[in-house]
Amino acid sequence: MSEIVREEMDYDVVIVGAGPAGLSAAIRLKQLDPDLEVVVLEKGSEVGAHILSGAVLDTSGLNALIPDWKEKGAPITVPVKKDNFYFLGEGGGIRIPNVLMPPLMNNHGTYIVSMGNVCRWMAEQAEEMGVEIFPGMACSELVYGPEGEVKGVVAGEFGKNADGTPGPAYEPGMILNGKYVFLSEGVRGSLSKQVVAKYDLGQRSDVQKFGLGMKEIWEIDPDKHREGTVTHTMGWPLGSNAGGGSFIYHLDNNQVYVGFVVHLNYENPYVFPYMEFQRFKHHPMVAELLKGGNRVAYGARAISEGGWQSVPKTAFPGGALLGCSAGLVNVPRIKGNHNAMLSGKLAAERAHEAITAGRAGDTLEGYDSDLKAGPVGKDLKRVRNVKPLWSKFGLLASLTLGGFDMWTNNLLGLSLFGTIRHGKTDAAATGEAKNFKPIDYPKPDGKLSFDRLTNVSFSMTNHEESQPAHLHLADPGIPISINLPKFAEPAERYCPAGVYEVVREDGKEPRFQVNFQNCVHCKTCDIKDPSQNITWVTPQGGDGPNYPNM
Ligand SMILES: Cc1cc2nc3c(=O)[nH]c(=O)nc-3n(C[C@H](O)[C@H](O)[C@H](O)COP(=O)(O)OP(=O)(O)OC[C@H]3O[C@@H](n4cnc5c(N)ncnc54)[C@H](O)[C@@H]3O)c2cc1C
């Protein structure tokens with residue numbers, strides 16, 4: 001293939017990803033200097049198309065960025081009125097009294113929102129200020145400058161053949177250069193992963209940990225709908241197989257977000273996170289709520305769970321990691337949007353300061369220290385031991401010891417445990433199949449629970465079939481030669497979209513099939529494959545899920 005020639009465009013700041021982190025950075029840059037040239041590139045077909053978080057939003061980030069968001073018509077209108085926390089057994093549950101919950105777990109003052117809609121609204125604010133936003137533009141490569149700094153990205157390459165050669169309608173895309181490049185790709189960003197490795201940004205931090213979050217939107221019987229009610233559960237059906245839990249948020253219009261998170265450090269390779277979620281909906285408490293309702297949308301996304309000790313260095317030559325590309329989720333609160341917004345704001349302030357001083361392409365050290373010493377660092381630090389306590393001692397210990405630790409952090413500002421390390425990566429945590437028994441999951445009934453492919457059709461996922469698969473296997477033989485005999489090829493189960501299949505045909509050797517068209521961009525395969533043989537790279541722009549109001 002002859003060398004690809006691309007047009008180049010220069011900006012002050014190039015932002016990869018129109019989530020809350022990237023959009024906050026864009027807005028803050030324009031607030032500081034309306035003449036700055038700022039571009040935001042988004043792989044989804046529109047802003048919000050890949051935003052899964054149907055969320056309880058702590059507005060502290062937005063208050064700092066756009067204090068008059070209410071007057072400006074932000075789609076943030078359902079305040080949380082009631083907070084429930086249950087420990088579930090198979091047939092019932094115990095409600096944990098709110099007075100026992102550490103104050104930081106309280107959702108008073110937060111809102112139930114569609115983050116997709118919040119991002120759409122933030123994009124409108126940014127565009128009114130002159131930010132250029134290009135949806136449908138996936139950033140597929142980093143471009144480096146003469147000193148080895150990140151100086152830009154390649155975006156908008158379309159029309160490759162399945163073998164990677166240019167097809168008849170091939171578009172090479174463009175190079176967008178920035179004095180600084182912000183990576184706000186969300187969790188397990190494909191370019192972020194490259195810069196973390198290239199600049200060894202994780203040198204001083206612990207490994208990153210993850211969960212897999214799956215979510216459905218339901219329209220339920222108005223008589224059962226309780227606008228503003230937030231319920232979290234732990235316990236059944238996961239038991240000791242894996243950590244995790246559920247969330248049920250009643251937004252407006254008789255809609256409910258029903259979601260389930262499975263921590264990806266589970267050992268038993270037979271665990272099937274998607275089926276755990278489906279089984280959860282048959283719990284009497286949940287089934288009663290959903291009975292007679294309709295599931296109107298489905299989606300899945302990994303969530304970062306490493307917290308404080310896993311945040312890498314967030315500044316690198318020429319750019320910065322924002323939001324969940326740096327892993328800024330407060331795990332017990334399942335909240336990361338506020339920190340994503342705050343990180344965008346801080347990165348913008350440091351980039352503006354640097355550009356005003358005539359700098360470009362250097363490392364924004366001040367951003368890294370602002371992030372860790374400021375409200376984001378404080379938010380993460382006080383809950384830093386909850387996840388490792390859970391991983392090491394299980395659910396009950398994490399409820400008691402983790403709860404105790406959050407109380408001492410809340411009341412005294414200290415932890416008696418110091419900082420507990422996470423240990424292994426989630427991939428390395430996977431145990432060998434010979435040490436576990438397969439789990440018998442009940443078949444979906446088509447009313448409360450659904451098979452994976454039916455549910456994927458409710459994510460409106462679409463990929464141009466003639467392009468190369470965006471799930472790269474370093475060694476295509478490993479799934480069958482190693483993962484199948486050793487781990488019962490867990491990709492068949494950990495993927496919430498049924499992308500990976502071991503095809504078994506009579507008289508033939510099993511073969512591994514990658515149905516990349518189904519991929520909902522959750523990135524779980526990149527995280528959990530025990531052989532670390534799968535790399536998620538971005539497909540062409542506009543492909544992937546098309547989440548409506550999720
Ligand atoms: C199931 C679930 C429930 C959650 N619930 C809550 C909650 O209730 N409250 C809360 O505060 N947080 C919640 N979170 C966490 C929250 O979603 C994240 O903290 C937040 O989304 C991080 O924002 P971000 O901007 O860093 O990334 P994202 O919101 O993931 O946005 C990243 C954007 O970048 C785009 N992108 C990625 N790579 C590229 C590329 N190479 N080129 C172009 N575009 C790219 C993506 O398409 C996406 O639009 C939840 C997460 C999950 C998974």
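**Entry 1: Glu141.** I note that the model is a predicted one. I then placed Glu141 in strand S9, which spans residues 139-144.

**Entry 2: Contacts of Glu141.** Leaving aside residues up to four places away in sequence, I recorded that Glu141 touches Arg6, Gly152, Val153, Val154 and Leu191. I also checked Thr538: its C-alpha lies 9.4 Å from that of Glu141, although 397 residues separate the two in sequence.

Entry 3: I turned to the ligand and noted that the space it takes is the largest cavity. It is surrounded by 35 residues, of which Glu42, Val56, Cys139, Cys324 and Asn337 are the closest.

**Entry 4: Elements of the shell.** Which elements supply at least two residues each of the shell around the ligand? I listed helix H1 (20-32), strands S2 (38-42), S3 (54-57), S16 (244-250) and S18 (294-304), and helix H7 (337-356). The largest share, three residues, comes from S18.

Entry 5: I found a nitrogen atom of the ligand 3.0 Å from a polar backbone atom of Lys43. An oxygen atom of the ligand lies 2.8 Å from a polar backbone atom of Cys324. For Asn337, I noted a backbone N or O atom 3.0 Å from an oxygen atom of the ligand. Finally, I recorded that the ligand has 990 Å² of accessible area on its own, of which the protein covers 97%.

Methods:
Residues are numbered from 1 along each chain as its sequence is written. This is a predicted model: local features need pLDDT of at least 70, side-chain atom pairs count only at pLDDT 80 or more; totals for chains, interfaces and linings use all residues. Side-chain values use heavy atoms; hydrogens and water are left out. Helices (H or I, at least four residues) and strands (E, at least two) are DSSP runs, numbered from the N terminus. Contact means heavy atoms within 4.5 Å. A residue is near a molecule or strand if one of its heavy atoms lies within 4 Å of it. A polar contact is a pair of N or O atoms within 3.5 Å; within protein, one must be able to donate a hydrogen and the other to accept it, and residues adjacent in sequence count only if both atoms are side-chain atoms. Accessible areas come from the Shrake-Rupley method with a 1.4 Å probe; for residues, only the protein chains shown count as cover. On a 1 Å grid over the protein atoms alone, a cavity is a set of points where a 1.4 Å probe fits but cannot get out, and a pocket is an open set with protein on both sides within 12 Å along at least five of seven lines; lining residues have an atom within 4 Å of a point. A molecule sits in a cavity or pocket if more than half of its atoms lie within 2 Å of its grid points.
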